[in-house]
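This briefing covers strand pairing, helix packing and aromatic contacts. Please keep the sequence and the model open while reading.

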Amino acid sequence: MSVGSAKKNLILGLGKVVWLSLPVLLCSFPAWSQQPPMDQTANSAPADSQATQASGGLQHAEHKAGSISGKVVDQSGANIAGAVVKLTREGQSSGLEATSNEDGLFAFTNIAPGPFQLTISSPGLALQDFSGSLQSGQAYVTPLIMLVIPTQVTEVHIGLPPEELADVQIKEQEKQRVFGLIPNFYVSYDANPAPITAKHKFELAWKSASDPITLVGVGVLAGIGQAGDRWGAYGQGAQGYAKRYGASYANVFASTFIGGAVMPSVLKQDPRYFYKGSGSKRSRILYAVANSVICKEDDGRWQPNYSNVIGSFAGAGLQALYLPANDRRGSGFIVSSALIRLSETSLAGVLQEFVFPKLTKRPNRAASQP
């Protein structure tokens, strides 16, 4: 083959290669147009990485732990060492505790942000509460916390000892008189009567038995008895009247002292009538009638009125010793006389509850108004 022919064949071969490569190159142009330049792609990767890091850093900054500190002093401004400071968070039942140092300082570290409450306590001083809100990464310093001495309420009861109070009340009772004249010493109108002693019981008995009006009343009864020829064996005239007066007074004296002083002192019972003044009329009547057989103990509890029952029978027994024989009918006389005495006590209770309070002049009506 000649040199010219070889060159010609080489040129033809290269032309075919170029011609065959041209469609491939044309098809590859759209792919080039869709891909970003190499330098743009390389630049975008670091930018995305920086944005991610910035977002993560911002989120981390919003939840960064902080600290809470403060100082505890007393009213004079002196530092309080050993004060217990309790930190609690919303929704938590327990919390952290710190103790103030000798300078009164306390601190909590590595505390998550959010609302918080401090409770500060120290022996002998009132509790103090403080609330606040910790920001992310904040070093929170509370205002000066002052603990003060707690306010103490002291109740002072001004009053007399029970026995002295009873003295006062008995003195008031001894001034009570129906129509301002007739003795009415054995009733208490006090809302809170003090228990009385044996001394008070004998004092009341003597005051009642020796009162001038009592003596006059006995004289009237003796005169009525003489006019009706009661206890006829005593006869008439001054001698008969004196006997009747002595027998009547002996009956009053014995009943008063045995039923109102001796037996109440021995059995520790209160011989007085305690004015009720409230409730239905029926309940008050029953209360008054029962007074002859029910009474208060010295400690205020209710119990059978043994003193009045025994006193009534004892008084009737003594009468049987000095009354004329034909006016005594054995044991029947004692029982009937005792029952009459108990009935008189019940009647007196009804009068004390409904009648005498309106007619009795007494110094202290404020204690219990009828």
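At what angle do helix α6 and helix α8 pack, and how far apart are their axes? Helix α6 (residues 237–267) and helix α8 (residues 306–322) pack at an angle of about 145 degrees, and their axes are 8 Å apart. The model is predicted: local features need pLDDT of at least 70, side-chain atom pairs count only at pLDDT 80 or more, and totals for chains, interfaces and linings use all residues. Residues are numbered from 1 along each chain as its sequence is written, and side-chain values use heavy atoms, with hydrogens and water left out.

**Helix packing**

- Helices (H or I, at least four residues) and strands (E, at least two) are DSSP runs, numbered from the N terminus.
- Axes are lines fitted to C-alpha atoms, for helices over the stretch in contact, and angles run from 0 to 180 degrees between N-to-C directions.
- The α6 and α8 crossing is right-handed (the near helix is turned clockwise from the far one by less than a right angle).
- Residues of α6 that meet α8 include A247, A250, A254 and G259, and those on the α8 side include Y306, I310, G311 and A314 (contact means heavy atoms within 4.5 Å).

**Sheets**

- Four strands form an open antiparallel sheet in the order β3-β2-β5-β6 (two strands pair if DSSP finds at least two bridges between them).
- β3 (96–99) and β6 (128–134) are at the edges with a single partner strand each, so one side of each has no neighbour in the sheet.
- Neighbouring strands of this sheet are turned by 25 degrees against each other on average, direction ignored.
- Within this sheet, β2 (residues 84–88) and β5 (residues 114–121) pair antiparallel over five bridges, and V84 stands opposite S121 in β5.
- A three-stranded open sheet has the order β10-β9-β16, also with antiparallel pairing.
- Its edges are β10 (182–183) and β16 (360–361), each with a single partner strand, so one side of each lacks a neighbour in the sheet.
- Two bridges join β9 (residues 177–178) to β10, and V178 stands opposite I182 in β10.

**Aromatic rings**

- The whole structure holds eleven aromatic pairs (rings of Phe, Tyr and Trp, using its six-membered ring, with centres within 6.5 Å; planes under 30 degrees apart count as stacked, over 60 as edge-to-face and the rest as tilted).
- F106 and F108 form an edge-to-face pair, 6.2 Å centre to centre with 65 degrees between the planes.
- Both F106 and F108 are buried (under 20% relative accessible area, with a 1.4 Å probe and protein chains only; exposed is over 50% and partly exposed in between).
- F202, Y249, F253 and F257 form one aromatic cluster.
- The charged end of K296 sits over the ring of F274, 4.6 Å from its centre (NZ of Lys or CZ of Arg within 6 Å of the ring centre and within 35 degrees of the ring normal).
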